[in-house]
Amino acid sequence: MSRRLPVLLTCGFFGWLWLIGILTFLPGLQIGGALRGVIEKPAAPAWSLQGVLDGSSFRAAENWFSSHVGLHNLWVRLDNQVSYTLLRESPVRETGTRVVVSPGDWLFEHVYITAAITPSKLSADELADMAARIQRVQTKLERRGTRLLLVVAPSKVELYPEHVPPAHFAGRDPAAILTSYERLRPLLHEAGVEFYDGPERFAAWKAAGHGSLFARTGTHWSYYAIYHVLEELREKLNPHLRRPLPGLGLTSLDYEQPQRTDTDLHRVLNLLLPPFHEPIQPFPVIQAQDEVPAEDLPRLLWVNDSFGLGLIDTLYRANAMQPTHSLYYFQNIYSLPGLHRQDGAITDIEWESYLAEFDAVVVVLTEIALEQQAWGFFEALDTALD
Amino acid sequence: MVFSSLIFIYAFLPVFLTLYYWAPPKARNGVALLGSLVFYTWGEPRFAGILVLSGLFGYGLSRLLVRARGQAARRTLLGLGVTGHLAVLAYFKYSNFFVDQLNGALAWLAQGSVVWTAVALPLGISFFTFQKISYLVDVYRGTSPPARSVFDYLLYVALFPQLIAGPIIRYHDVAAQIAAREHNHDRFLSGVWRFSLGLGRKVLLANPLGAAADRIFAQDLSTLPVPYAWIGLLCYAFQIYHDFAGYSDMAIGLGRMMGFEFAENFNRPYTARTVTEFWRRWHMSLSSFMRDYLYIPLGGNRAGPARTGFNLWFVFLVSGFWHGASWSFVFWGAYHGTLLTLERLIGVARLERLPAFIGVALTFSLVTLGWLIFRTETLPDALVYLSRLTAWDSWSAAWTNPALLWPDVISRRTLAVLALAAGFSFITEPWWRRHGWDEALPVTRGQAALRVGFAALCLLLACASLAGQSYNPFIYFRF
């Protein structure tokens with residue numbers, strides 16, 4: 001063996017160690033693309049005598065280093081790609097969104113699979129109380145001239161169980177498991193609650209042969225489906241609004257690649273390469289309307305989970321709604337458009353005057369989140385309003 | 001800090017190695033000592049003082065030992081040193097355990113309990129205590145001259161590659177290397193190869209297997225479905241091997257990068273055909289320490305079968321207790337002591353005549369059952385787990401219990417890694433030898449290229465896995 005080779009290899013090893021080490025402190029030189037998904041990155045260690053003595057500063061430094069190491073994003077994507085390509089799965093992590101990879105690159109959020117095979121735990125009385133409370137809030141708002149619309153979004157797993165690997169269903173049939181929403185549905189009808197039954201509508205569309213209701217690579221209803229949902233929501237809302245929602249100017253469908261939330265599960269996998277089967281997913285191209293002046297557009301208060309984000313986004317792309325607020329998960333106040341967090345707590349809201357600013361309140365939640373009763377929104381309003 | 005961390009690989013190692021090779025040869029021991037103290041302080045700043053002070057105590061005694069006149073004085077000094085080191089170990093490692101036992105007994109007698117503030121365990125204390133004892137005994141026996149200086153002695157005790165998890169280096173094995181050792185590119189690259197291989201074993205094999213075993217052992221053992229019981233046990237058996245052997249590989253590799261040659265610690269233990277042979281291949285530095293410093297002084301096998309059996313049993317009892325302060329480790333030691341005594345009664349040579357496949361399978365099964373005692377919290381837990389290994393009627397629960405569903409508990413990565421780890425563990429010695437893979441340096445150009453490629457792959461994938469563990473995102477912000 002040439003005597004030069006060991007020298008070169010030794011230098012290469014040293015160079016590699018130094019390169020990665022130095023890149024750690026030069027975040028501008030990170031390659032591999034920004035990683036998607038939400039994570040709380042460890043803060044830079046705060047060095048203190050106490051921290052040094054008890055070791056906490058060192059541990060913080062290690063955590064910081066691990067999440068900022070040179071080529072970090074490339075490393076993460078490489079690890080994920082190995083699992084995805086060789087084993088057709090996403091790495092099992094202790095925290096974060098768990099993605100189940102199914103044949104044909106159908107991706108599912110694990111939490112929806114669990115929900116689909118877990119029977120409702122709420123008692124009949126609890127469900128009846130829930131329906132009665134929603135009805136009371138609806139009436140109280142009506143008295144104030146504000147329309148309430150509860151929008152229940154479907155679960156991808158409930159709609160497309162045939163694409164979930166059967167082993168994940170524990171020998172159960174999701175269709176045979178009564179979820180809380182399925183038990184609540186007749187009670188809502190009985191109580192006269194005005195709501196949009198997403199699961200029922202999507203099932204009907206699917207039975208009628210409509211595809212693309214969920215993108216294979218997304219966890220939320222697709223933008224294509226959102227367009228149709230909004231058309232139906234307009235029909236439900238407009239008769240009751242002083243300032244109705246204008247029509248959504250659909251100009252065409254873009255079939256190029258899944259966009260926005262239609263590819264959110266794929267993005268959170270943080271792979272190096274695109275999925276093998278990147279399906280065609282129509283994306284509605286919408287022309288912003290300019291016929292209705294801004295002051296005549298409705299102002300809707302949104303109380304929503306992430307299923308509401310696509311609806312809001314589409315309405316703003318169509319210029320169909322005034323700037324407003326989202327009480328996201330009924331935890332914090334965000335201004336729309338842009339989803340910027342506002343100062344002030346929801347608990348400090350003076351509801352009588354606050355609600356007067358809005359034409360309608362739209363509560364959007366997934367069917368699997370129904371047990372959380374809109375995160376306390378109905379209870380808060382029921383208590384606050386006469 | 002551990003070797004299998006990104007901060008060690010990409011911050012500590014480049015800085016340390018650069019300073020080490022930048023320094024003139026005479027100053028390299030100083031750099032190595034300083035680096036070792038930084039390494040230890042980084043992980044356990046509170047305990048660095050214990051490492052140094054107990055080291056000074058050991059070194060001071062060794063100087064007195066050299067000057068002492070008369071066997072009685074030398075014996076007394078040795079006894080003082082060994083007792084002193086063991087007392088430090090006993091306090092930090094075993095005092096909590098003994099106080100717990102005492103309080104249990106007092107509660108049983110309806111008496112009050114001893115008020116006690118739990119003592120934290122300094123990193124690597126079991127290993128560096130044995131090394132200090134080895135040094136004193138070597139100096140006492142004259143196997144090695146005492147260290148040239150307190151710095152040499154501290155370097156022997158604190159040398160970071162072997163400080164945390166061994167191998168337990170005996171003083172006479174490295175005394176000459178501390179004084180003078182050769183540094184060259186071949187040895188350095190051989191170290192890189194060994195380190196990368198160990199990193200791969202630790203991060204790519206042991207870590208995922210450990211995570212799976214942790215998930216399974218954390219379940220309610222009394223209802224554990226049978227496939228999980230088997231997979232959990234196998235995962236643990238291969239995890240503990242590749243974790244420990246991988247760490248030893250890294251230690252040996254780092255040692256070579258600094259010009260040291262440490263003794264091997266593992267020699268394909270799962271290919272052993274008897275439990276006796278297993279212990280010649282598993283954690284060899286501990287086995288040889290126990291043999292030389294406990295078994296032989298007890299009389300070894302020179303005092304008849306009964307005494308030999310007792311000696312073996314006792315040595316394994318101590319060895320078990322050394323692994324951890326809990327009854328499980330004591331039982332585990334007793335289990336192995338019993339197996340070795342039985343093998344002696346049956347005749348090891350007779351057992352070795354069994355077909356290799358049967359011998360290996362039998363030994364692996366017995367050792368793996370031992371790991372059950374090692375891994376579970378209590379002996380009753382081990383017995384419950386054992387019963388689940390044959391609870392055939394629970395088979396379907398793995399596919400019907402949503403809380404414990406097969407795809408959620410056993411990922412494909414777990415199964416793939418388990419297969420890989422098993423395959424790697426059972427490759428026999430002749431194969432390694434035939435292809436020259438047991439040599440420190442590659443034997444052919446092809447093997448050199450393969451080693452470079454494999455080391456690079458291990459390093460890349462292990463770093464990817466370590467970085468991947470730092471990024472577990474949620475799809476959207478919740479609030």
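**View 1. Pro45(A) lies in the loop between α1 and α2 (49–54) of chain A.** This is a predicted model, in which local features need pLDDT of at least 70, side-chain atom pairs count only at pLDDT 80 or more, and totals for chains, interfaces and linings use all residues. Residues are numbered from 1 along each chain as its sequence is written, chains are lettered from A and ligands numbered from 1 in the order in which they are written, and side-chain values use heavy atoms, with hydrogens and water left out. Helices (H or I, at least four residues) and strands (E, at least two) are DSSP runs, numbered from the N terminus. Although Pro45(A) and Ala61(A) are 16 residues apart in sequence, their C-alpha atoms are 5.2 Å apart in space. When neighbours within four places in sequence are left aside, Pro45(A) is in contact (heavy atoms within 4.5 Å) with Ser57(A), Ala60(A), Ala61(A) and Trp64(A).

**View 2. Helix α1 (residues 4–23) of chain A crosses helix α1 (residues 6–22) of chain B at roughly 130°, the axes coming within 8 Å.** Axes are lines fitted to C-alpha atoms, for helices over the stretch in contact, and angles run from 0 to 180 degrees between N-to-C directions. α1(A) and α1(B) are therefore oblique to each other, given that angles under 35 degrees count as roughly parallel, over 145 as roughly antiparallel, 65 to 115 as roughly perpendicular and the rest as oblique. The crossing of α1(A) past α1(B) is left-handed, a term for a near helix turned anticlockwise from the far one by less than a right angle, with clockwise counting as right-handed. On the side of α1(A) the contact includes Phe13(A), Trp16(A) and Trp18(A), and on the side of α1(B) it includes Tyr10(B), Pro14(B) and Tyr21(B). By class, this contact has 13 nonpolar, two polar and no charged residues; Ala, Val, Leu, Ile, Met, Phe, Trp, Tyr, Cys and Pro count as nonpolar, Asp, Glu, Lys and Arg as charged, and the others, Gly among them, as polar.

**View 3. In chain B, the axes of helix α5 (residues 125–141) and helix α6 (residues 150–158) come within 9 Å and cross at roughly 135°.** α5(B) and α6(B) are therefore oblique to each other. Phe128(B), Gln131(B), Lys132(B), Ser134(B) and Tyr135(B) of α5(B) make the contact with Tyr153(B), Tyr156(B) and Val157(B) of α6(B). Five of the residues in the contact of α5(B) with α6(B) are nonpolar, two are polar and one is charged.

**View 4. The largest pocket holds about 1,300 Å³ of space.** On a 1 Å grid over the protein atoms alone, a pocket is an open set of points where a 1.4 Å probe fits, with protein on both sides within 12 Å along at least five of seven lines, and lining residues have an atom within 4 Å of a point. Grid points are joined across faces, edges and corners, and a volume is the space filled by probe spheres set on the points. Of the 44 residues that line the largest pocket, Leu197(B), Arg201(B), Phe424(B), Trp432(B) and Phe454(B) lie nearest its centre. α9(B) gives the largest share of this lining, nine residues, and the lining as a whole divides into 27 nonpolar, four polar and 13 charged residues.

**View 5. A cis peptide bond, with omega of about 0°, joins Leu336(A) and Pro337(A).** Pro337(A) is placed in the loop between β9 (332–336) and β10 (340–341) of chain A.
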